[in-house]
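Please keep the sequence and the 3D view open while you read.

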Amino acid sequence: MARAVPDPRGWTGLDDTAQTPERETYPTYPFGVHPPEYIAARLHEIDRASAENLLLALTDDCCTLSNLKRFTESEEELRAMARTILARYGDEATYHTNVKKPGHVRGTLDFTSSSWAYSPLALTNDYSEDCGLIVVSGTEVGMFWNFSDY
């Protein structure tokens, strides 16, 4: 979370807070410093299809798929991009999120449902809403996050 290690494949990351003054004294900004049990209580595992949907939903402050119409790419092109990102972590990766949009099957997210919730301030100290995806493989961890403050 402190971003101390560069991407092992040299992929460019998007880090809106990279030049934020708070990073000087608070290197994990905007993430809070929490013990593992605090983080574990706020995350749950999801399946790969849900992770794909979540990557797309994270492009919207409300964590929905309704924003896909704003992109010039088709939905299938966007999904192919999400699959490319997830493929980087291999077939054995696990997916974890603080988003609770339960599907009909345990470990899935349902973005067609109107009822959903997230664990507010799950990993941040400064935002009223944070939604994210953590991908864990045998060799690396990827974090994809959206922060909003209303």
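Which residues in helix 3 meet which residues in helix 4? From helix 3 come Arg 48, Ala 51, Glu 52, Asn 53, Leu 55 and Leu 56, and they meet Leu 78, Arg 79, Ala 82, Arg 83, Ile 85, Leu 86 and Ala 87 of helix 4. Contact here means heavy atoms within 4.5 Å.

A word on the ground rules. The model is predicted, so local features need pLDDT of at least 70 and side-chain atom pairs count only at pLDDT 80 or more, while totals for chains, interfaces and linings use all residues. Residues are numbered from 1 along each chain as its sequence is written, and side-chain values use heavy atoms, with hydrogens and water left out.

## The overall layout

The protein has 4 helices and 6 strands; these are DSSP runs numbered from the N terminus, with helices (H or I) of at least four residues and strands (E) of at least two. Along the sequence the pattern reads α-α-β-α-α-β-β-β-β-β. Of the 150 residues, 40% are buried, where buried means under 20% relative accessible area, exposed means over 50%, and partly exposed lies in between (1.4 Å probe, protein chains only). Among contacts with a separation of 6 or more, 59% are between residues 24 or more positions apart.

Helix 3 is largely enclosed by the rest of the structure, because 8 of its 10 residues are buried. Those buried residues are Ser 50, Ala 51, Glu 52, Asn 53, Leu 54, Leu 55, Leu 56 and Ala 57. Their cover includes strand 1 (44-46), helix 4, strand 2, strand 3 (99-100), strand 5 and strand 6.

Two packed helices are described by the angle between their axes and the distance between the axes. Helix 3 and helix 4 pack at about 120°, with axes 9 Å apart; the axes are lines fitted to C-alpha atoms over the stretch in contact, and angles run from 0 to 180 degrees between N-to-C directions. That makes helix 3 oblique to helix 4, given that angles under 35 degrees count as roughly parallel, over 145 as roughly antiparallel, 65 to 115 as roughly perpendicular and the rest as oblique. The crossing of helix 3 and helix 4 is right-handed, a label used when the near helix is turned clockwise from the far one by less than a right angle, with anticlockwise called left-handed.

## Charged pairs

Side chains of opposite charge can pair when their charged atoms come close. The whole structure holds 5 salt bridges, each defined as a side-chain nitrogen of Lys or Arg within 4 Å of a carboxyl oxygen of Asp or Glu. The table shows some of them.

| Glu 52 | Arg 79 | 3.3 Å |

The salt bridge between Glu 52 and Arg 79 ties together parts that are 27 residues apart in sequence, because Glu 52 lies in helix 3 (residues 48-57) and Arg 79 in helix 4 (residues 75-87). Both Glu 52 and Arg 79 are buried.

Glu 140 and Arg 88 are both buried. Salt bridges with shared partners join Glu 52, Glu 75, Glu 76, Arg 79 and Arg 83 into one network.

## Residues in the strands

Is Val 141 buried or exposed? Val 141, in strand 6 (residues 141-148), counts as exposed at 54% relative accessibility. Leaving out residues up to four places away in sequence, Val 141 touches Tyr 89, Ile 134, Val 135 and Val 136.

Asn 146 also belongs to strand 6, but it counts as buried at 10% relative accessibility. The side chain of Asn 146 reaches the backbone oxygen of Leu 58 at 2.7 Å.

His 96 lies in strand 2 and is buried at 19% relative accessibility. Its contacts beyond four places in sequence include His 44, Ile 46 and Leu 133.

Conventions
A polar contact is a pair of N or O atoms within 3.5 Å; within protein, one must be able to donate a hydrogen and the other to accept it, and residues adjacent in sequence count only if both atoms are side-chain atoms.
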